[in-house]
Amino acid sequence: MTTPRHTYGRGRLAAAFGGLAAATLAVAIAVPAAAAGSTLQAAASESGRYFGTAIAASRLGDGTYTSIANREFNMITAENEMKMDATEPSRGQFSYSSGDRIVNWARQNGKQVRGHALAWHSQQPGWMQNLSGTDLRNAMLNHVTQVASYYKGKIYAWDVVNEAFADGSSGGRRDSNLQRTGNDWIEAAFRAARAADPNAKLCYNDYNTDNWSHAKTQGVYTMVRDFKSRGVPIDCVGFQAHFNSGNPVPSNYHTTLQNFADLGVDVQITELDIEGSGSSQAQQYQGVVQACLAVARCTGITVWGVRDSDSWRASGTPLLFDGSGNKKAAYTSVLNQLNAGGTTNPNPNPTTPVPTPTTTTPPPTGGGSCTATYSEGQKWGDRFNGTVTIRANGNISGWTSTVTVRSPQKIIATWSGSPSWDSSGNVMTMRPSGSGALSSGQTTSFGFTVQHNGTWTWPSVTCAAS
Ligand code: XIL
């Protein structure tokens with residue numbers, strides 16, 4: 001099992017704080033420490049990560065299914081509904097109704113969506129299976145362009161190309177009709193996807209790429225390194241992570257994720273399921289979560305279904321909820337591991353835009369003032385998170401907040417605002433990312449991570465209204 005460096009459990013944290021003076025203790029009581037997340041999404045969010053699931057449109061009428069999915073997960077992948085056969089059943093005739101059911105359910109419930117998958121040798125519509133050469137290449141690129149354009153602005157990350165490498169010892173590409181159109185088909189797909197939806201992260205996604213010493217892992221790594229060096233637009237690598245006794249979680253999983261991240265891409269665990277039961281299954285799940293949390297650019301984990309009975313491998317009972325929707329031991333170990341913390345994702349996922357409200361409030365006319373209040377977030381051995389809440393007293397049309405940290409502290413990550421810095425690096429000026437208008441009594445907040453370098457003093461914060 002992976003034992004990543006740089007992780008600090010709550011036990012060690014408590015020990016680190018044991019020597020603090022009584023005066024500090026009084027503050028700690030007055031401001032409750034960040035509560036442990038009680039759902040997978042809440043626990044993952046503490047370190048800026050998401051926790052997702054695959055959803056089948058056909059199950060959206062099942063209340064047990066949707067209530068678990070809504071409560072626990074904040075990233076949604078369509079299990080089959082956005083694949084090539086589903087979205088282009090006849091050449092040039094696109095069908096988005098099933099995909100839309102999932103995307104709409106996700107957005108209505110404030111969740112983000114991973115797009116899966118634009119180009120793949122499997123689950124191709126019949127008409128495409130029979131194409132080859134330039135005709136197939138053009139059909140594939142048109143498919144990528146059409147589907148990515150249709151969902152533009154609604155997708156956090158696309159699996160642009162799925163499963164293009166061969167299993168076994170070759171480390172090379174899988175033979176397929178797409179591969180036979182030329183080795184550059186993958187980069188052509190990525191370029192088409194970028195042109196169609198410039199804001200979606202673009203991922204290469206595969207399985208059996210978890211063990212660092214496997215040829216397939218090395219083959220994908222070499223491709224990603226080459227893409228980065230030549231400016232092919234790739235942002236992330238997805239690790240499907242379908243494990244069972246014949247393909248267990250490798251002990252070097254953390255190394256694999258870190259090495260890919262070091263190429264300058266995000267890594268995501270995209271289709272996690274682990275066949276088994278009881279404590280052995282729970283331990284393997286824990287190892288996967290621990291490996292992701294040890295890698296700052298491992299931005300989230302998606303499990304491939306909700307209950308065991310929903311799984312494509314149902315007989316292997318590989319998920320976190322049993323067929324009745326009860327939490328399994330694996331669920332508890334995942335939740336506890338998420339709550340134990342780890343590195344902070346330096347680019348936390350923006351929250352999903354909620355549907356535009358139908359009632360509009362008049363924009364504030366300005367003239368009011370604002371207050372800034374600091375509250376503590378999660379803490380690790382080497383860093384802590386903080387949140388600043390801005391409150392408008394009277395209507396304001398904008399705000400500027402300063403956050404001053406005491407040297408040798410450094411702010412190493414921020415979210416929900418546009419930061420700028422003074423020459424010392426100790427004073428951050430935060431401005432709203434969009435409009436800063438607030439009506440009287442309204443609040444907004446932004447956050448940041450401080451590398452404390454041994455100094456635990458709270459930052460001082462100010463707010464100026466405009
Ligand atoms: C699976 C679905 O879960 C099944 O319902 C479907 O019959 C076949 O595909 N790798 C992938 C996923 O990228 O799309 C696959 O999903 C599982 C393996």
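Where does Q409 lie? In this predicted model, Q409 is found in the loop that joins β12 (399-404) to β13 (410-415). Apart from neighbours within four places in sequence, Q409 is in contact with F384 and N426, with V450, Q451 and H452, and with T455, W456 and T457.

The unreviewed UniProt entry lists E271 under "active site". In the model, E271 belongs to strand β8, which covers residues 266-274. The relative accessibility of E271 is 5%, and E271 therefore counts as buried. If residues up to four places away in sequence are set aside, E271 touches H116, N205, T302 and W304, together with F239, Q240, A241 and H242. One of these residues, N205, is also a polar partner: the side chains of E271 and N205 make a polar contact at 3.2 Å.

Helix α8 (residues 133-150) packs against helix α9 (residues 185-196), with an angle of about 30° between them and their axes 8 Å apart. Angles under 35 degrees count as roughly parallel, and α8 and α9 are therefore roughly parallel to each other. Where α8 passes α9, the crossing is right-handed. On the α8 side, the contact is made by R137, M140, L141, V144, T145, A148 and S149. On the α9 side, W185, A188, A189, A192, A193 and A196 take part.

Helix α12 (residues 278-293) and helix α13 (residues 329-339) pack at an angle of about 25°, and their axes are 8 Å apart. By the cut-off of 35 degrees, α12 and α13 are therefore also roughly parallel to each other. The crossing that α12 and α13 form is right-handed. Helix α12 contributes G278, Q281, A282, Y285, Q286, V289, Q290 and L293 to the contact. From α13 come A329, A330, S333, V334, Q337 and L338.

How values were computed. Residues are numbered from 1 along each chain as its sequence is written. This is a predicted model: local features need pLDDT of at least 70, side-chain atom pairs count only at pLDDT 80 or more; totals for chains, interfaces and linings use all residues. Side-chain values use heavy atoms; hydrogens and water are left out. UniProt positions are given in the numbering used here, feature names are shortened, and annotations may be inferred rather than shown by experiment. Helices (H or I, at least four residues) and strands (E, at least two) are DSSP runs, numbered from the N terminus. Buried means under 20% relative accessible area, exposed over 50%, partly exposed in between (1.4 Å probe, protein chains only). Contact means heavy atoms within 4.5 Å. A polar contact is a pair of N or O atoms within 3.5 Å; within protein, one must be able to donate a hydrogen and the other to accept it, and residues adjacent in sequence count only if both atoms are side-chain atoms. Axes are lines fitted to C-alpha atoms, for helices over the stretch in contact, and angles run from 0 to 180 degrees between N-to-C directions. Angles under 35 degrees count as roughly parallel, over 145 as roughly antiparallel, 65 to 115 as roughly perpendicular and the rest as oblique. A crossing is left-handed if the near helix is turned anticlockwise from the far one by less than a right angle, and right-handed if clockwise.
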